[in-house]
Amino acid sequence: MQFLSEDLDTYIVNHSENEPELLQQLTRETYQKILQPRMLSGHYQGRILSMISKLVNPKCILEVGTYTGYSALCMAEGLQKEGELHTIDINEELQDFQRQYFDKSAYGKQIHQYVGDAIEIIPLINKDFDIVFIDADKENYANYFELIIDKLVPGGIILSDNVLWSGKVLDTKFKKEDTSTPALIEYNKLLKQDSRVETVILPIRDGLTISRKK
Ligand SMILES: C[S@@+](CC[C@H](N)C(=O)[O-])C[C@H]1O[C@@H](n2cnc3c(N)ncnc32)[C@H](O)[C@@H]1O
């Protein structure tokens, strides 16, 4: 969803950092070969993820929802020299595609892929995270939060994507089959109320929350 006019959106993108060539290639190939290419973070949100990561300069990042690897590569730009990025996706068909792009980047050896349900995999990764990016099935956002909060260093941040869900978080009635909207409404409440974090929602793309562990 566009929260800004198209002209203003274009202006903002044109006056922000350019998209690296490798990420342009990754985007083109995702659109040619992979289902649901709109899931990829894209130029502007990607530059925001890169900027946040460079400001934090993390030793260790966790990503829940790799898809074709776009956001992982953006966040990897901020890693410390010996830093690591761990990224999980349930879709095993994406693994070779991701690896091909990770290896073309400067961060191939620092990026560790996991295939499977993040609910099962997160407890197996014994690391302290400086940044966690949650961008997978919306129904499990609150579960991911509970699984990672104790693995997050004090001052570490959780980035949660799609928290405005095309504005549907304002709805009071949902279709029976829509499990994502009520889950995101509850998740946004949880982040606001949980005393372990301080939270701000940024109206970027579909809504991106930053929660900082106290
Ligand atoms: C929105 S896409 C991620 C986009 C990616 N972060 C980016 O910005 O380029 C969501 C991904 O989450 C994955 N996913 C969904 N449910 C999952 C689960 N339970 N565990 C791990 N990954 C899951 C999907 O396979 C999909 O690739």
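The model is predicted: local features need pLDDT of at least 70, side-chain atom pairs count only at pLDDT 80 or more, and totals for chains, interfaces and linings use all residues. Residues are numbered from 1 along each chain as its sequence is written, and side-chain values use heavy atoms, with hydrogens and water left out.

**Ligand site**
- A polar side-chain atom of Ser41 lies 2.6 Å from a ligand oxygen atom.
- Gly65 uses its backbone: an N or O atom there lies 2.8 Å from a ligand nitrogen atom.
- Tyr144 places a polar side-chain atom 3.2 Å from a nitrogen atom of the ligand.
- On its own, the ligand has 610 Å² of accessible area, and the protein covers 90% of this (Shrake-Rupley method, 1.4 Å probe).

- Strands are DSSP runs of E with at least two residues, and helices are runs of H or I with at least four, numbered from the N terminus.
- S6 (residues 197-202) and S7 (residues 208-213) run antiparallel, joined by six bridges. Two strands pair if DSSP finds at least two bridges between them.
- Ile201 has Thr209 in S7 as its bridge partner.
- Five residues lie between the strands, and Arg205 in this hairpin takes a positive phi near 45 degrees.

**Helix H5**
- In H5 (residues 95-104), Phe97, Gln98, Tyr101 and Phe102 are buried (buried: under 20% relative accessible area; exposed: over 50%; partly exposed: in between; 1.4 Å probe, protein chains only).
- Seen down the axis, these buried residues fall within an arc of 130 degrees, so they line one face of H5. The arc is that of the directions from the helix axis to the C-beta atoms.
- Exposed Asp96 and Asp103 sit on the face turned away from the buried side.

**Single residues**
- Ser160 lies in strand S5 (residues 152-161). Ser160 is buried, at 0% relative accessibility.
- The side chains of Ser160 and Tyr187 make a polar contact of 2.7 Å (N or O atoms within 3.5 Å; within protein, one must be able to donate a hydrogen and the other to accept it, and residues adjacent in sequence count only if both atoms are side-chain atoms).
- Gln36 is in the loop between helices H2 (21-33) and H3 (43-56). Its phi is positive, near 55 degrees. Gln36 is exposed, at 55% relative accessible area.
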